[in-house]
Amino acid sequence: MLNDRWLGVFAIGLSVFLFWFGHGLEAPFAYEPVGPRAFPMLLAAIICLCGLILLIKGGSPVAPNTHSANFRILLMVAIIAAYGMLFQLLGFIIATTLMTACVARLFGGTWLRSATAGILMGVIFFFLFDRLLDVVLPSGLLRAWL
Amino acid sequence: MSGILDHLSLGFGVAASPINLLLALVGAFLGTIVGVLPGLGPINGVAMLIPIAFAMNLPPESALILLAAVYVGAEYGGRITSILLNVPGEAASVMTTLDGYPLARQGLASVALSISAWSSFVGSFIGVVGIVFFAPILAKWALAFGPAEYFLLMVFAFCALTSLLGDRPVKGVLAAMIGLAISTIGIDSNSGVYRYTFDIPNLADGMAFVVVVIGLFAVSEMLQMLENVLSGHSIDVPKSTRKLFNFKELCFTWWCTVRSGVIGFFIGVLPGAGASVASAVTYANEKRHYENKDPNAKFGKGDLRGVAAPEAANNASAVGSFIPMLTLGVPGSGTTAVMMGALSLYSITPGPALFESQPELVWGLIASLFIANFMLLLMNIPLVNIFAAMLRVPPWLLVPGILVISYIGVYALHSATFDLGLVVAIGVFGYFLRKFGVPLPPLVLGVVLGDMMEQNLRRALSMTNGELSILWQSTISKGLIFACLAIIIVPYFYRQFKKRRAH
C-alpha cells in the first residue's frame, strides 16, 4: 500500500543521493566564501527533513489503480519511450504514424480509425511544422522522397 | 500620466504589427481550446507552445504575446466546461461549476456563458489597467533590492505558493526543493564545476527547462488520463431560450464583478498565489456578502453572481500575476513561472531593469493583453458553441495529438533523442508525484528560480565574506522575513479556526 511513508523514504533516498554525489564538489580556485557545494547540501538537508516528517506522520494513502489501468499506463510508457527512440531513426512521419495508431488503440479507437488517424497526423503535422512553420523535423527513412 | 501614455503608445505600436495581432488572435483561440479541454490548463498550453514559438524564431516580444494570449484565453475557456458539464476545464474554474451548472440545468446555459465571458473581460481589463499603473512603480521600487533582498523575495514566493496550496505544506516544500535540486544540474556558472552531470554531455547545460515542464505537464497528464477509461463528453443541456444576458442581469452582477476583479488582481500580484486562490476567495467573499443582505440570493443553486465573481477574479489574477514576473523577476503563478522559463531561452532575465532595457517587450506585452482581451470577448460570446464542440473530440484523437506537439517542441530544442528519453523519464516521475499528492507548481517555480536564488545567495554572502547576518540587515529584508512568517502563520491559524468552528 503506497502512502506518505513511501514518499518520505523516497525523499530521504533523494537527499542521500544529493549528498553522496555533491559533498565532494569543490571549486579549483575559490574566490568566494560560498562555493558550488553549499546550495545542494542545503537542499539535501531540507529534503531529508521533509522526508523524515512524511516518514513519521505517514497517512494519506494513494488511491490504488486497477490492474488494467496499471497495464495501460505501462504500455503507454513503453510506447512513448519507443516513440522517442524512433523519432530520429525512422523519421517523424513513420514514428508518429506508429505512435498515434498505438496510443489511439489504447484509448479505445478502432483499428481502422487509429491507423487512419496515425497516417493523417504524421503527414499533416510534418507539413504544418516542417514546411509551413520552419520547425525542422527528421525525415528519417523517407529522406529520399521528402 | 503623460509617461504612461507614451509607454502605452509605444506598446500599441509593437502590439499592432500584423504578425503580433495574428499571434494574439491565434493565442487567444488556442488558449480558449486548452481551457475548454478538461485536464489541460494554461500551464500545459503554455508549456507546449514555448519550444514551438522558439523554434519558429519568433522574436521574444512576439513569443511572449502568443503565450500571454494563451494564458488569458485558457482562463476564459475553463468556464465553458464548468457550466456545460460540471467539470472544471482548468483548475481555477472549479468555483464556476457551483452556480454555472445549476444555471445550465435551468435552461440558462447561454446566459451564464455570456455573462461569464463578460465578467472575464471586466476582470482582465481591471488586471491590465492595474499593470499599467502599478508595474512601473513596483519596478522602480525594486531597483533598491540587493542580492540579499532578492534571495528573500524568492523565499517569500515559495512560502506564498506552498502555504496557499493548503493542507499539504510539507509536500509543497518537498516539491520546491526537488525543483531547486533539478536546477543545480549542469555547470556551476561561478566556479565552472560540473554538478550532478555524471559525464553526460547533454546535461552539461543543465536539464532543459522545456523538457522538465513538458514531462510534468504533458506526459504525466496523459498517464493520469489512462487511469480511467475515457470517452468523449456528450453535452446534454436544456436548450436556452436566450442567447445573451440582458441589461438587468448586467446591472445585477456589475458590482460583484468589479469587486471580484479588483480582489483577484491583488491576489494575482502576490508572488505564488494564482488564479485558483483568487476565484475561491472571491466566491466565498461574494457569497457571504450577499447572503446577509439579499434574501433572494441562491448561491450554489444557480446565482448569476456566483458565475461572474470567480470568472472576473481568475482572469484578473492571471493578468495581475504578470506584475511580479515583469517587475521583480519572480513569477506570480505556475504559468508565469513557465513563461519566465521561456524568456530565459531568449537570454532575457525579467526584473526591474526590464522596463528600462526592453520597453518594447514590456509595453508590447501589456498592450497586446488589452487587444487579446477584446478579441477574447468577441470570440467567446458568438463562437462559444464552436469551443464547446471541442469537448466532442474523442481522447483517442486528442491524446496522440498532444503527444506529437509535445515531442515536436522538445525535439526542436536541440534535435536530440536524449531529450525525448528524458521527457518520458520526467513524465513517469511526475506521475508518481501526482499520485502521492505532491503539488507540481512549486517544483516548476524551483526549476525556474533555482539558479537566480543560488546566485543571489552566494553574491550576498560574498559581500560579507560569508557572514549570514546580511540576510536580515536591511529594512526591506526584515520586512520580507516578516511577510514570509505572516504568510505561513496566518493561513495556518485561519484553517485551525475554521476547523474549530465547524465542530
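**A helix pair in chain B**

Helix 3 of chain B and helix 14 (residues 334-345) of chain B pack with their axes 9 Å apart, at an angle of about 10 degrees. Helices are DSSP runs (H or I, at least four residues), numbered from the N terminus; axes are lines fitted to C-alpha atoms over the stretch in contact, and angles run from 0 to 180 degrees between N-to-C directions. The two helices are therefore roughly parallel to each other, the term for angles under 35 degrees. The model is predicted: local features need pLDDT of at least 70, side-chain atom pairs count only at pLDDT 80 or more, and totals for chains, interfaces and linings use all residues. Residues are numbered from 1 along each chain as its sequence is written, and chains are lettered from A in the order in which they are written.

Helix 3 of chain B contributes residues including B:Val46 and B:Ile50 to this contact, and helix 14 of chain B contributes B:Met339 and B:Ala342 among them. Contact means C-beta atoms, placed from the backbone, within 7 Å. By class, the contact has ten nonpolar, two polar and no charged residues; nonpolar covers Ala, Val, Leu, Ile, Met, Phe, Trp, Tyr, Cys and Pro, charged covers Asp, Glu, Lys and Arg, and the others, Gly among them, are polar.

B:Leu67 is in contact with residues including B:Val46, B:Ile50, B:Met339 and B:Ala342, leaving aside neighbours within four places in sequence.

The contact between the chains takes 52 residues from chain B and 52 residues from chain A. Helix 3 (42-55) is one of the helices of chain B that each supply at least two residues to the chain B side, while helix 18 of chain B gives the most, with twelve residues.

Key: Two residues are in contact if their C-beta atoms, placed from the backbone, lie within 7 Å. Angles under 35 degrees count as roughly parallel, over 145 as roughly antiparallel, 65 to 115 as roughly perpendicular and the rest as oblique.
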